[in-house]
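Let's take a friendly walk through a protein model together. Have the structure open as you read, and look up each residue when it comes along.

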Amino acid sequence: MKVAVCPGSFDPVTQGHMDIIRRAATLFDKVIVVVMTNVAKSPMFTQEERVDFIRRASAGMENVEVDCFKGLLADYARQKHATAIVKGLRALSDFEYEFQMALTNRKLNPDTETTFLTTTSEYMYLSSSLVKQVAQLGGDITGFVPDCIVDDILRKVDEIKQCERKAVK
Ligand code: ADP
């Protein structure tokens, strides 16, 4: 059985991520989407919320599982006997970082191969940060993220605004 791991922060999951997950699911017997803790980022959504969003968005995909992990991706891939790590590439700007990560992961775990799927052109511009910015500025995020999580994102943005208002008072 060919297992692939699809890692990321997914803060929150976007249609760009879902496109990569959907395509990976046609290439492998099982795809495990894993929400990683990125120490360089301070997320807007908790790990539980991010996992829940992907679970709901991927509900119809039979060979897709969702998990979370704190630690080295190379160790997680080994634990899951993954053949591949699947990553999405949007632009040249993604490449240098992803290339460095792929080489590091190969050094740490030579049994798992990093593979790249090129973005679908309509999602090329899309990132989790962009979604958060648009939502915080009151823009319409429909079409950027799966429909089933739009309201959860707007609710969180409202909560943050209320906390900020209280803090100012
Ligand atoms: P990270 O914290 O590793 O940057 P992200 O959650 O931002 O994680 O992204 C996870 C993966 O999805 C990365 O491989 C990233 O390149 C890919 N990705 C993000 N947005 C898109 C998109 N719009 N199209 C294709 N791949 C994407």
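## A loop residue in the open

We begin with histidine 81, which counts as exposed because its relative accessibility is 64%. Keep in mind that the model you are looking at is predicted. You can find histidine 81 in the loop between α3 (73-79) and β4. Its backbone has a positive phi of about 55°, although histidine 81 is not a glycine.

Another exposed residue to look up is aspartate 111, with 64% relative accessibility. Aspartate 111 sits in the loop between α4 and β5 (113-118). Which residues does aspartate 111 touch, not counting those up to four places away in sequence? They are Ala82 and Thr83. The C-alpha atom of aspartate 111 is also 7.7 Å from that of arginine 78, although 33 residues separate the two along the chain.

## The loop between β1 and α1

Now move to phenylalanine 10, in the loop between β1 and α1. Is phenylalanine 10 buried or exposed? Its relative accessible area is 4%, so phenylalanine 10 is buried. Here again is a residue that is not a glycine but has a positive phi, this time of about 50°.

Proline 12 belongs to the loop between β1 (3-8) and α1 (15-27). The peptide bond joining aspartate 11 and proline 12 is cis, with omega at about 0°.

## Around the ligand

How many residues are around the ligand? There are 17, and those that come nearest are Ser9, Phe10, Lys41, Gly88 and Tyr123.

A backbone N or O atom of glycine 88 is 2.5 Å from a ligand oxygen atom. For leucine 126, a backbone N or O atom is 3.0 Å from a nitrogen atom of the ligand. Arginine 90 takes part through its side chain, with a polar atom 3.3 Å from a ligand nitrogen atom. On its own, the ligand has 550 Å² of accessible area, and the protein covers 90% of that.

Leucine 89 lies in strand β4 (residues 84-89) and is buried because its relative accessibility is 16%. Leaving aside neighbours within four places in sequence, leucine 89 is in contact with Asp94, Phe95, Glu98, Phe116, Leu117, Thr118 and Thr119. Leucine 89 and isoleucine 20 are 69 residues apart in sequence, while their C-alpha atoms are 9.4 Å apart in space.

Glutamine 47 is part of helix α2 (residues 47-57) and, with 18% relative accessibility, also counts as buried. Its contacts, leaving aside neighbours within four places in sequence, include Val35, Met36, Cys68 and Phe69. With threonine 37, glutamine 47 makes a side-chain polar contact of 3.2 Å.

## Salt bridges

The whole structure has 11 salt bridges. One of them joins glutamate 65 and lysine 30, whose closest N and O atoms are 3.3 Å apart. Because glutamate 65 lies in strand β3 (residues 64-69) and lysine 30 in strand β2 (residues 30-36), this pair ties together parts that are 35 residues apart in sequence. Glutamate 49 and lysine 156 also form a salt bridge, with 3.0 Å between their closest N and O atoms. Here the partners lie in helix α2 and helix α6 (residues 150-168), so the pair links parts that are 107 residues apart in sequence. Glutamate 49 is partly exposed at 27%, whereas lysine 156 is buried at 12%.

Arginine 155 and aspartate 152 show another arrangement. Both lie in helix α6, three residues apart, which is about one turn of the helix. Arginine 155 is partly exposed at 48%, while aspartate 152 is buried at 18%. Through shared partners, salt bridges join Asp52, Arg56, Asp152 and Arg155 into one network.

Leu92, Phe95, Phe99 and Leu103 make a nonpolar patch of about 440 Å². One of these residues, leucine 103, is found in helix α4 (residues 92-108). Leucine 103 counts as partly exposed because its relative accessibility is 44%.

Terms used
Residues numbered from 1 in each chain as written. Predicted model: local features only at pLDDT ≥ 70, side-chain atom pairs only at ≥ 80, totals over all residues. Heavy atoms only, no water. Patch = residues over 30% accessible without salt bridge, like charges linked within 9 Å, V, L, I, M, F, W, Y side chains within 5 Å. Areas by Shrake-Rupley, 256 points an atom, 1.4 Å probe, with all protein chains shown as cover. Salt bridge = Lys/Arg side-chain N within 4 Å of Asp/Glu carboxyl O. Helix = DSSP H or I, 4+ residues; strand = E, 2+ residues; numbered from the N terminus. Buried < 20%, exposed > 50% of the residue type's maximum accessible area, 1.4 Å probe, protein only. Contact = heavy atoms within 4.5 Å. Near = heavy atom within 4 Å. Polar contact = N/O pair within 3.5 Å; in protein donor to acceptor, adjacent residues only side chain to side chain.
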